[in-house]
Amino acid sequence: MGERAGRREWMRRLAAGGVLAGGGLVGAIGRALAKGDLGGRQGVIQLEGTATVDGKAARVGSVVALGQRVATGPASHAVIVIGKDAFLLRENTVIDTEGHDGVLASLLVGTGKILSVFAKKPLSIRAASATIGIRGTGCYLEVEPADVYFCLCYGEAVVQGPGMADKLVKTTHHESPLLLHEDGSVMEADKAGFRNHTDSELVMLEALVGREPPFMKNGKYPSGPYG
């Protein structure tokens, strides 16, 4: 079986097993993946509502190049792929991308909520006054005026902030969500609960770039509180 045929068969198994089935965003993209309609696509893969790329109205199929800004409007969401990295931007989210030779090296999350999966390479995420160094992980961020919520869904990250010692985080399945906020001139990293993202969304994003999350076993992921 060739690589492309093998990939389609894998997608069909995920959809048939319910991992990418059902309604909503995950189901719609899962069905398209199973049919082979999305293999290898880049840029804006799915859009509900409104979004812009460098201030120009985006649509499904719009290219997103390194160095560009992507923003979603109210009651909107967008799924985008840049190289081997994939993102789900919820409403009122703004990101700036930086990199070279087609490889994303830095992501600035100005505001909003974003779920991301990254290939195994060094990458820096900036959110408010926090800097998060990662390599081949999945993570979820909510950037608010007062704080930053950060869930390392799996992988390893180093969190840095003003006046704070570097904090190493290692997880396999959402074990250590953090709330990052400044107390005077010092950043604090407090424990937080799990919120507002799901395993099925992570599976969908990884599938768009030909991977599975490490928590999946034999095409399935464990049932539990993560959806």
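Student: Which side chain meets R126 in a salt bridge?

Tutor: The partner is E98, with an N to O distance of 3.2 Å. Keep in mind as we go that this is a predicted model.

Student: What makes the R126 and E98 contact a salt bridge?

Tutor: The cut-off is 4 Å between a side-chain nitrogen of Lys or Arg and a carboxyl oxygen of Asp or Glu. R126 and E98 come to 3.2 Å, N to O, so the pair is within the limit. The two also link distant parts of the chain: R126 belongs to strand β9 (residues 122–127) and E98 to strand β7, 28 residues apart.

Student: How many salt bridges does a search of the whole structure find?

Tutor: Seven. One of them joins the side chains of R69 and D96 at 2.9 Å, N to O. R69 lies in strand β4 and D96 in strand β7 (residues 94–100), so this pair ties together parts 27 residues apart in sequence.

Student: What does the side chain of E201 meet in a salt bridge?

Tutor: R90, at 2.9 Å, N to O. E201 is in helix α3 and R90 in the loop between β6 (85–89) and β7, so to speak two distant parts of the chain, 111 residues apart. E201 is buried, with a relative accessible area of 11%.

Student: How do you know that helix α3 is largely enclosed by the rest of the structure?

Tutor: Count its buried residues: ten of the ten in α3 (residues 199–208) are buried, so the helix is largely enclosed. Among them are D199, L202, M204 and L208. Just after α3, G210 takes a positive phi of about 75°.

Student: What makes S116 buried?

Tutor: Its relative accessible area is 2%, and buried means under 20%. S116 has its place in strand β8 (residues 103–117). Leaving aside neighbours within four places in sequence, its contacts include A86, F87, C139 and L205.

Student: Which residues of the largest nonpolar core touch the most other members?

Tutor: I80, F87, F118, I125 and F150, out of 37 residues in that core. Strand β12 (residues 148–161) gives the most to it, with five residues. Apart from this core lies another, of 27 residues, among them L25, V26, Y140 and A207.

Student: What is F87 in contact with, beyond its neighbours within four places in sequence?

Tutor: Its contacts include I80, L104, S116, F118 and L205.

Student: Why are β12 and β14 called paired strands?

Tutor: Pairing needs at least two bridges. β12 and strand β14 (residues 178–183) have three, in the antiparallel sense, so they qualify. F150 stands opposite L178 in β14.

Student: What do β14 and β15 form?

Tutor: A hairpin, with two residues between the strands; G184 in the turn has a positive phi of about 70°. β14 and strand β15 (residues 186–191) pair in the antiparallel sense over six bridges, and L179 stands opposite D190 in β15.

Student: How many helices and strands does the protein chain have?

Tutor: Three helices and 15 strands. Of the chain's 227 residues, 47% count as buried.

Key:
Residues are numbered from 1 along each chain as its sequence is written. This is a predicted model: local features need pLDDT of at least 70, side-chain atom pairs count only at pLDDT 80 or more; totals for chains, interfaces and linings use all residues. Side-chain values use heavy atoms; hydrogens and water are left out. Buried means under 20% relative accessible area, exposed over 50%, partly exposed in between (1.4 Å probe, protein chains only). Helices (H or I, at least four residues) and strands (E, at least two) are DSSP runs, numbered from the N terminus. Contact means heavy atoms within 4.5 Å. A nonpolar core is a set of buried Ala, Val, Leu, Ile, Met, Phe, Trp, Tyr and Cys residues joined through side-chain atoms within 4.5 Å.
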